Amino acid sequence: MSPEPTRQRFVEALAKHLPPSASRLRLLDIDGHCRDILAGRRADLDIHCPGANDLGRSGIAPATADAIVAFDLDLDSHMLRSIAANMRPGGRFIAVFTQGEVRERWVRLLEAQGLVRILVEPAVDGAGVLIRGEKPHTTVNTLGRIQSVARADADFSDLADYRGPYLHLLIRQSPSKPVWKLEAGESIAWRALALEDNSNAVLLAFSSLPKAVGFLQPAVLIDLVRDVNKVGKFAREVVGGWGTPVILNPTMVSIKDRRLIWLPVDPETAAAPDE
């Protein structure tokens, strides 16, 4: 196998472990070995390529990277400390090695730098090694964690500038029960939250699941929105094909005193969840 196809396959394996993003995923590609392949797979990546010994000059603020990736990088505890310092809480580090074996030492190395949710497995067809770890969140409070992640995306984003692959809609599903509980002949119907603007419907859409939940939670607490029992994820091209205007990342205040309506949407057009 030639060197370039080898890199292609190993970087593609790495790409499967990237976290889902909203408008943009701020990614550091150490030494730049993955950039061309990753950029061709995901339009939502904002990629910076610092040198292995120069992560502090990556072009983004410390502790704000959503993900950091490395290809055949000589990792040590000093490098991992720098990697952890440059990731936001909840950020993910993924590395692939074309040589080597799956060993417990990788787990211990990542644990020593405080990383959690550690994965160590063969990278491609039983060959090489893939390792993954996440920086812990700074709060165990679920609501606070969601709001913290939601703030990464701006309110009232311009849909024309949005590079994420998905839009998230607040869904009222009826009947409110899983598919396996449906009776013979019974089907599920979805309606998406929208508002009425000069007799026209405008969909309320969100760039990420945290953004949608961060909007919904306070809206439910003050009884502004009722009976949402699902967040549906749709490819942005699918939603664009409906021809319905979209407000991306509305705020709770922006819908107060507006007439909310529910638009039928086909659940079969929804995308499968990222993870």
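The protein exposes about 14,200 Å², with carbon and sulfur atoms supplying 50% of it; accessible areas here come from the Shrake-Rupley method with a 1.4 Å probe, and for residues only the protein chains shown count as cover. This is a predicted model, so local features need pLDDT of at least 70 and side-chain atom pairs count only at pLDDT 80 or more, while totals for chains, interfaces and linings use all residues. Residues are numbered from 1 along each chain as its sequence is written, and side-chain values use heavy atoms, with hydrogens and water left out.

The protein has 8 helices and 12 strands, taken as DSSP runs (H or I of at least four residues for helices, E of at least two for strands) and numbered from the N terminus. Buried residues account for 42% of the 275 residues; buried means under 20% relative accessible area, exposed means over 50%, and partly exposed is in between (1.4 Å probe, protein chains only). Of the contacts between residues at least 6 apart in sequence, 70% join residues at least 24 apart, a contact being heavy atoms within 4.5 Å.

Next, the interior. In soluble globular proteins, nonpolar side chains tend to be buried together. A nonpolar core is counted here as a set of buried Ala, Val, Leu, Ile, Met, Phe, Trp, Tyr and Cys residues joined through side-chain atoms within 4.5 Å. The largest such core has 25 residues, and Ile30, Ile68, Leu75, Ile83, Phe93, Trp106 and Ile131 touch the most other members. Strand E3 (65-71), helix H3 (77-86), strand E4 (87-97), helix H4 (104-112) and strand E6 (129-134) are the elements that give two or more residues to this core. A second, separate core holds 21 residues, including Val11, Leu27, Ile37 and Ile47.

Not counting residues up to four places away in sequence, Phe93 touches Ile68, Ala70, Leu75, Leu80, Ile83, Met87, Ile131, Arg132 and Gly133. Ala84 sits in helix H3 and is buried, at 11% relative accessible area. Beyond its neighbours within four places in sequence, Ala84 is in contact with Gln113, Leu115 and Lys135. Ala84 and Ile68 are 16 residues apart in sequence, with 9.1 Å between their C-alpha atoms.

Now for the cysteines. A disulfide is a covalent bond between the sulfur atoms of two cysteines. With a disulfide taken as a pair of cysteine sulfur atoms within 2.5 Å, the count comes to 0. For Cys34, the closest cysteine sulfur is in Cys49, at 8.6 Å, and that is too far for a bond. Cys34 is buried, with a relative accessible area of 0%, whereas Cys49 is partly exposed at 31%.

Most residues other than glycine have a negative phi, and most peptide bonds are trans. A cis peptide bond joins Ser174 and Pro175, with omega at about -10°. Pro175 is found in the loop between strand E7 (166-174) and strand E8 (189-197). The backbone oxygen of Pro175 lies 3.3 Å from a polar atom of the Gln173 side chain. Gln173 belongs to strand E7 and counts as buried, at 9% relative accessibility. The side chain of Gln173 also makes a polar contact with the side chain of Trp190 at 2.9 Å; a polar contact is a pair of N or O atoms within 3.5 Å, where within protein one must be able to donate a hydrogen and the other to accept it, and residues adjacent in sequence count only if both atoms are side-chain atoms. Setting aside neighbours within four places in sequence, Gln173 is in contact with Ile188, Ala189, Trp190, Asn229 and Lys230.

The 13 residues of H6 should span 18 Å at 1.5 Å a residue, and the end C-alpha atoms are 18 Å apart, which agrees; the expected span is 1.5 Å times one less than the number of residues. At the start of H6, a side-chain oxygen of Ser208 comes within 3.1 Å of the backbone nitrogen of Lys211. The buried residues of H6 are Lys211, Ala212, Val213, Gly214, Phe215, Leu216 and Ala219. Just after H6, Asp223 takes a positive phi of about 65°, and Asp223 is partly exposed at 43% relative accessible area. Asp257 has a positive phi of about 70° although it is not a glycine. Asp257 is in the loop between helix H8 (252-255) and strand E12 (260-265) and counts as exposed, at 75% relative accessibility.
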